[in-house]
Amino acid sequence: MTSRIPRDSRLRLVRPRPLAAAPRAMTQRPARRPAPRPPEGTPAPSELAGMARSRLAGAARLARWADTALGPGSGNAPSDGTAVLADATAERAAGELGLTPAQVRADWDTARLAGLVEVHGDSARPGWRLRAWNRDDTAVLRGWVALFDAWSLAHPEPEGHEPAAVAEAVSAMPQVLSFLQLSAGPVPVEQLLDLLRQRVGELRTERCEVPYGPRREPVGAPSADADADADADPAQPAAPDPGTTPAELPDLLDWALHALASVGALTCGDGQATLTPLGSWAVWVKLEQICVAAQSPAGNIEAAAEDMLRGCARLRPNAARAEYRAWLAARTVGSALSELLDAARGEDALLRGLAFEALRVVGAPAEPGVRAALHEPTLRPYALLWLAEHEGADPDDAHEVLTRKEATWLWVDTAAAVADHGEAPLLVRHLESAVQPTVPALLDEVRAVGHPRTVQVLVALAAAHPDPALAKAVRRAAFQVHTGGS
């Protein structure tokens, strides 16, 4: 039975176009949201990078000295195993650079916080930012922002204060900095202190820190409302005193302002504080990041890690990375790292791979958690690849850190992800990525590696492969694994 509709009728619905227009049409992308512009008066990125280079000049100088004097083969340990510069190394650097040991230690701490040096145990190596320091303004600005983010570590905290009080002040400072940025000029310290008190009070309210039961009065202190208090229900919470504020807040604000000044984010004087151009730009960048996080591209910002990764599974790589960044911006590094590793431990191999892609977006803060994952057989190959790329290996060559057994296990795990979520031709192409030179050698090592999904992977590969002889060999291998035969 034939159709009465001409077979080429659909071609008449397509408007003819020049062949030259075809490639351009194929590469077109949806219009993106225009990049936000910094506030008027913000210096150009090149000027900001110059300011950052000037601020970090001492740290960069020490990092270069360490790269030359303490590099591989020198036989010198730059640190004592705790990332603190060894005494002998500090004395040597002070003599060769014309500094005091105290200045050397300060520059060393700054270089670590800015990512100019990376310390691993008792060895150190130059960070990637140091390699790009003279040619890449973006690397310089990222290094300074890393130092800005770590301002509370850059200046010793005042003694005699409870750690909880210090943590509250640190948590409240972003709102203080936002106010300084919006003010675009000097702000009296007293006004900042009022804002800090208000924010600390909000943080305590969010944690429901409401004292229950009758309030304790000082011994011997008369109570004007003794009769009223006697009639009150003791089971009801006592109303917090709105006039009471922590006595240590003025000292903590003074410490925070001086710490931020030490990294170049603001200046203090005459009872006023003012953001520097670098500080104003950095706070604006942080506010923009919060806005981007609030507008999660695919709407996964509030989802758990596993659901977020499933939502990113069909996104293009750039779109997925944008989604990871938005999801991470709404969480602390610790909680995000824990969620992603938990998702990677599940049975879905696709989520395992995507979790480590998201951990690549986390970057250096994820390193301790990834190193701990080396002890878990399921995560070890992924963790080894992550660490190799983090330490500067080319992604195309990172697989060289894997043993033959680890590479085979990863091949099976990836094949499981393809079998569960991909298409048959993709699984056939995956066969070509095996490290074994022949299919029989691959099948022998796949049987020996002990992956829990080996049978399902081999059955799916046999069903997908167009070569009947090869498919038969793969089915036989699947049967042998299933029955425990050889």
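The following legends describe close-up views of a predicted model.

**View 1. The second largest pocket and its lining.**
The second largest pocket holds about 890 Å³ of space. Its lining is made up of 32 residues, of which Gly353, Tyr382, Leu410, Thr414 and His430 are the closest to the pocket centre. Sorted by class, the lining of this pocket comprises 18 nonpolar, nine polar and five charged residues.

**View 2. Helices that contribute to the second largest pocket.**
Four helices each provide at least two lining residues: α17 (349-362), α19 (380-390), α20 (404-421) and α21 (424-430). Helix α20 gives the largest share of the lining, with eight residues.

At 1% relative accessibility, Phe356 is buried. Tyr382 is likewise buried, its relative accessibility being 10%. Phe356 belongs to helix α17 and Tyr382 to helix α19, so their pairing ties together parts of the chain that are 26 residues apart in sequence. The ring centres of Phe356 and Tyr382 lie 5.6 Å apart, and the ring planes meet at 25 degrees; the pair is therefore stacked, since planes under 30 degrees apart count as such. Tyr382 is also among the residues closest to the centre of the second largest pocket.

**View 3. The aromatic pair Trp144 and Phe148.**
The model contains three aromatic pairs in total. In one of them, the rings of Trp144 and Phe148 have centres 5.5 Å apart and planes at 15 degrees, so this pair is stacked. Both residues lie in helix α7 (residues 137-149), and because they are four residues apart, about one helical turn separates them. Trp144 is buried, with 0% relative accessibility. Phe148 is buried as well, with a relative accessible area of 5%.

**View 4. The open sheet of three strands.**
Three strands form an open sheet in the order β3-β5-β4, and their pairing is antiparallel. Strands β3 (187-188) and β4 (266-269) are the edge strands, each of which pairs on one side only. Strand β4 is joined by four bridges to β5 (residues 272-275), and these two strands run antiparallel. Within this arrangement, Gly269 faces Gln272 of β5.

**View 5. Two cysteine residues.**
The count of disulfides in the model is zero. Cys268 is partly exposed, as its relative accessible area is 38%. Cys312, by contrast, is buried, with a relative accessibility of 1%, because values under 20% count as buried.

How values were computed:
Residues numbered from 1 in each chain as written. Predicted model: local features only at pLDDT ≥ 70, side-chain atom pairs only at ≥ 80, totals over all residues. Heavy atoms only, no water. 1 Å grid on protein atoms, 1.4 Å probe; cavity = no way out; pocket = protein on both sides within 12 Å on 5 of 7 lines; lining within 4 Å. Points joined across faces, edges and corners; volume = space filled by probe spheres on them. Nonpolar A, V, L, I, M, F, W, Y, C, P; charged D, E, K, R; others polar. Disulfide = S-S within 2.5 Å. Buried < 20%, exposed > 50% of the residue type's maximum accessible area, 1.4 Å probe, protein only. Pairing = 2+ DSSP bridges. Phe/Tyr/Trp six-rings, centres within 6.5 Å; stacked < 30°, edge-to-face > 60°.
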